[in-house]
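Welcome! Here are some exercises to work through with the model open beside you. Try each task before you read its solution.

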2 protein chains.
Amino acid sequence: MQYTKSNMANEYQPPILTVDSVLFALVDDALHVLLIRRAAEPFKSQWALPGGYNASGETTRQAMDRILQRKAGIAAQDLQLVEQLYTFDTVARDPRGHAVSVTYMGLARKLSPQGNAHAQSPQLFPVHALPSLAYDHADIIRYAHNRLRAKLTYTNAVFALLPELFSLTQLQKAYEAILDRPLDKRNFRKKFLALNLAEPTTHQLKEGAHRPAQLYRFKRQELQELERSFD
Amino acid sequence: MQYTKSNMANEYQPPILTVDSVLFALVDDALHVLLIRRAAEPFKSQWALPGGYNASGETTRQAMDRILQRKAGIAAQDLQLVEQLYTFDTVARDPRGHAVSVTYMGLARKLSPQGNAHAQSPQLFPVHALPSLAYDHADIIRYAHNRLRAKLTYTNAVFALLPELFSLTQLQKAYEAILDRPLDKRNFRKKFLALNLAEPTTHQLKEGAHRPAQLYRFKRQELQELERSFD
DNA sequence: ACAAAAGTGTTAAGAATACACCCATGT
DNA sequence: ACATGGGTGTATTCTTAACACTTTTGT
């Protein structure tokens with residue numbers, strides 16, 4: 001930050017600043033990402049992350065909230081956890097000109113996107129079956145997924161993807177979906193309970209011709225690091 | 001990235017984009033950061049991170065290299081490892097107007113900064129004895145230090161701070177300086193050697209009235225994750 | 001009674017921690 | 001010979017990993 005007044009007034013032309021969001025949610029025990037179908041060129045009618053420009057005077061987080069509301073009908077409080085990821089800045093990423101994009105990851109319990117004039121049919125896609133994507137958005141999603149995997153192992157971030165009351169089986173399936181490998185049931189439960197992040201409730205989940213599951217609740221709904229990293 | 005042509009042409013005014021760098025190096029077994037004394041307002045003659053504006057058409061990494069060269073006489077290849085940290089974007093962080101700053105961490109074996117017209121006396125300060133800083137640069141350094149601590153535990157990032165040939169004592173001191181706590185000598189050596197990242201050389205370090213130290217060399221000079229995290 | 005998912009313990013191997021003395025060198 | 005930092009091993013505790021059967025419910 002050492003540009004001078006003259007730079008600001010004359011020579012200096014900043015790149016365009018944009019914000020793109022990767023919203024994750026679990027649907028049927030599989031990790032999904034929210035995509036919208038682009039209404040305009042470039043990449044018209046291709047699938048893309050919800051994103052938009054960031055004007056002077058608003059923070060990137062404010063821009064994110066505004067854009068998600070307008071383009072997907074999603075409110076800031078639908079996201080249990082939001083984290084800035086990375087700033088993508090290669091000159092060629094937008095065919096119209098240099099656009100630097102600050103990216104965010106948002107985790108939600110449930111997403112009910114709404115279509116509108118700006119973007120028809122926002123829709124959730126399984127991360128393992130994504131359509132072809134506009135811009136460098138496939139890279140951004142890959143980056144976000146890696147970050148999520150890492151966060152899951154050393155923080156309590158799962159809380160943001162599960163309902164308030166959850167069974168240990170639901171929890172394990174969430175981990176398996178994101179880490180993309182099977183976990184041992186007994187070891188998983190022993191380890192998770194030892195971390196002491198969740199407490200049993202008086203509720204049970206009855207959902208079929210089998211023994212009902214004990215429901216647990218996270219003691220804290222804020223991000224915290226784990227004493228010992230998970231898996 | 002959904003702004004329209006009309007936004008680009010008329011209404012849309014992006015914030016200024018800047019890049020700030022946190023360069024770390026070890027001096028006398030203590031972690032140091034490179035700071036420059038600001039030549040102009042605002043914060044004139046206060047210490048600050050080397051930074052500058054990012055023009056349209058250059059990547060933030062290119063801007064970083066250009067700025068470090070111009071303001072501190074440091075070349076890109078003096079940095080063994082560079083990593084993007086975070087993008088700071090609060091509206092009030094620059095008194096002249098909204099400036100969004102993409103920040104980088106750079107690790108060097110040795111820094112020999114050069115003063116010049118743009119910034120007198122770039123200088124290394126111990127992270128535990130920083131002067132008062134311009135802007136939100138104290139926050140940025142704290143963020144970088146946390147990231148460095150984390151990187152040290154799950155990657156081989158130390159290689160970027162040590163000379164090509166190093167003794168296990170030097171290595172341990174580097175860890176102690178950054179993690180800011182003492183480590184057990186025998187356990188440290190056992191664990192580090194088990195990771196198999198370094199190999200002994202035929203060289204020794206003689207530097208006083210005591211037994212000379214075996215010198216090691218990292219097998220790879222690229223960042224890699226450790227199988228088991230360190231400490 | 002049977003199908004379906006919930007729930008539960010033990011053993012063995014590996015990793016982390018705590019801890020104290022001898023070694024090689026220069027002066 | 002002494003001061004200085006370099007180098008080494010073992011015992012204990014904790015953590016991880018592997019593994020299979022019983023329980024509770026709905027139909």
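Helices (H or I, at least four residues) and strands (E, at least two) are DSSP runs, numbered from the N terminus. This is a predicted model, in which local features need pLDDT of at least 70 and side-chain atom pairs count only at pLDDT 80 or more, while totals for chains, interfaces and linings use all residues. Residues are numbered from 1 along each chain as its sequence is written, chains are lettered from A and ligands numbered from 1 in the order in which they are written, and side-chain values use heavy atoms, with hydrogens and water left out.

**Exercise 1. Find the protein surface near DNA strand D and say which elements supply at least two residues of it.**

Step 1. Collect the residues near the strand, meaning those with a heavy atom within 4 Å of it. There are 22 around DNA strand D, and among the closest are Arg211(A), Lys185(B) and His210(B).

Step 2. Assign them to elements. Helix H5 (185-195) of chain A, helix H5 (185-195) of chain B and strand E10 (213-218) of chain B each give at least two residues.

Step 3. Sort them by type, with Ala, Val, Leu, Ile, Met, Phe, Trp, Tyr, Cys and Pro as nonpolar, Asp, Glu, Lys and Arg as charged, and the others, Gly among them, as polar. The surface near DNA strand D has 11 charged, 6 polar and 5 nonpolar residues.

**Exercise 2. Look for atoms that approach the bases of DNA strand D and DNA strand C.**

Step 1. Begin with DNA strand D. A polar backbone atom of Arg211(A) is 2.8 Å from a base oxygen, and a polar side-chain atom of Lys190(B) lies 3.0 Å from a base oxygen.

Step 2. Turn to DNA strand C. A backbone N or O atom of Arg211(B) lies 3.0 Å from a base nitrogen, and a polar side-chain atom of Arg186(B) lies 3.3 Å from a base nitrogen.

**Exercise 3. Describe how chain A meets chain B.**

Step 1. Count contacts, that is, heavy atoms within 4.5 Å. On chain A 48 residues touch 47 residues of chain B.

Step 2. Take the buried area, the accessible area (1.4 Å probe) that two parts lose on being put together, summed over both. The two chains bury about 4000 Å², with 57% of it on carbon and sulfur atoms.

Step 3. Check the pairs. The interface has 13 residue pairs in polar contact (both at pLDDT 80 or more). Salt bridges (a side-chain nitrogen of Lys or Arg within 4 Å of a carboxyl oxygen of Asp or Glu) number 0 between chain A and chain B.

**Exercise 4. Which residues form the salt bridge in chain A, and what surrounds it?**

Step 1. Divide the chain. An automatic or database domain assignment gives domain 1 (15-152) and domain 2 (158-218) of chain A.

Step 2. Examine their interface. Between domain 1 and domain 2 of chain A about 1400 Å² is buried, and carbon and sulfur atoms give 67% of this area. Leu26(A), Arg109(A) and Leu152(A) supply 46% of what domain 1 buries there, more than any other three residues.

Step 3. Name the pair. The rule finds 1 salt bridge across this domain interface. The side chains of Asp29(A) and Lys173(A) meet in a salt bridge at 3.8 Å, N to O.

Technical notes: Polar contact = N/O pair within 3.5 Å; in protein donor to acceptor, adjacent residues only side chain to side chain.
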